[in-house]
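Me: I'd like to learn how to read a structure like this one. Can you walk me through it?

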Amino acid sequence: MSETPESPEAAPAAAEAPPEAPPEALQDEGAAEAGAVTPGDEGDAPPAEGIRAKRPARRRRRQRDRFFSRRKVSRLTTEPGLAVDYKNISLLRTFLSPEGKILPRRITGNTAKQQRQVAEAVKRARHLALLPYEPSEH
């Protein structure tokens, strides 16, 4: 018997110490409990975080739409005396942006027929030099 007996002090310390688990197993258990990213998942975002990130944006959009849900109505519809004419420059300027571009229907509230009339009138006025093709510098 060449083995040396263990000291009585070392034996209780070995008995009290829990069996050592591999570090990977500890990290996986901690990650599952805390929702942390494991070393292998560093580049991949957990799917739950991606879903949480999108929800507030949808809520904000819905709240914003709630305040602007009323359909726009064109001046051409509300004021019966107005008619689209290439010579009525003051009316045509209301349908142009500061850059001189024709504003879209979603901004002006025109119907499709009115928008075609406005576009044709603006193009005629530009051709006759009543409206500029480019914005005028003030």
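Me: What pattern does the chain follow, read along the sequence?

Reply: Helices (H or I, at least four residues) and strands (E, at least two) are DSSP runs, numbered from the N terminus. Here the pattern reads α-α-α-α-α-α-α, with 7 helices and 0 strands. Keep in mind that this is a predicted model, where local features need pLDDT of at least 70, side-chain atom pairs count only at pLDDT 80 or more, and totals for chains, interfaces and linings use all residues. Residues are numbered from 1 along each chain as its sequence is written, and side-chain values use heavy atoms, with hydrogens and water left out.

Me: Which residues make up the largest nonpolar core?

Reply: In soluble globular proteins, nonpolar side chains tend to be buried together. A nonpolar core is a set of buried Ala, Val, Leu, Ile, Met, Phe, Trp, Tyr and Cys residues joined through side-chain atoms within 4.5 Å. The largest one here has 11 residues, including Leu76, Leu92, Phe95 and Val118. Helices α5 (89–93) and α7 (112–127) each give it at least two residues, and α7 brings the largest share, 4 residues.

Me: Is valine 118 buried or exposed?

Reply: Buried means under 20% relative accessible area, exposed over 50%, partly exposed in between (1.4 Å probe, protein chains only). Valine 118 has 1% relative accessibility, so it counts as buried. It sits in helix α7.

Me: What does valine 118 touch?

Reply: Contact means heavy atoms within 4.5 Å. Not counting residues up to four places away in sequence, valine 118 touches Leu76, Val84, Leu92, Phe95 and Asn110.
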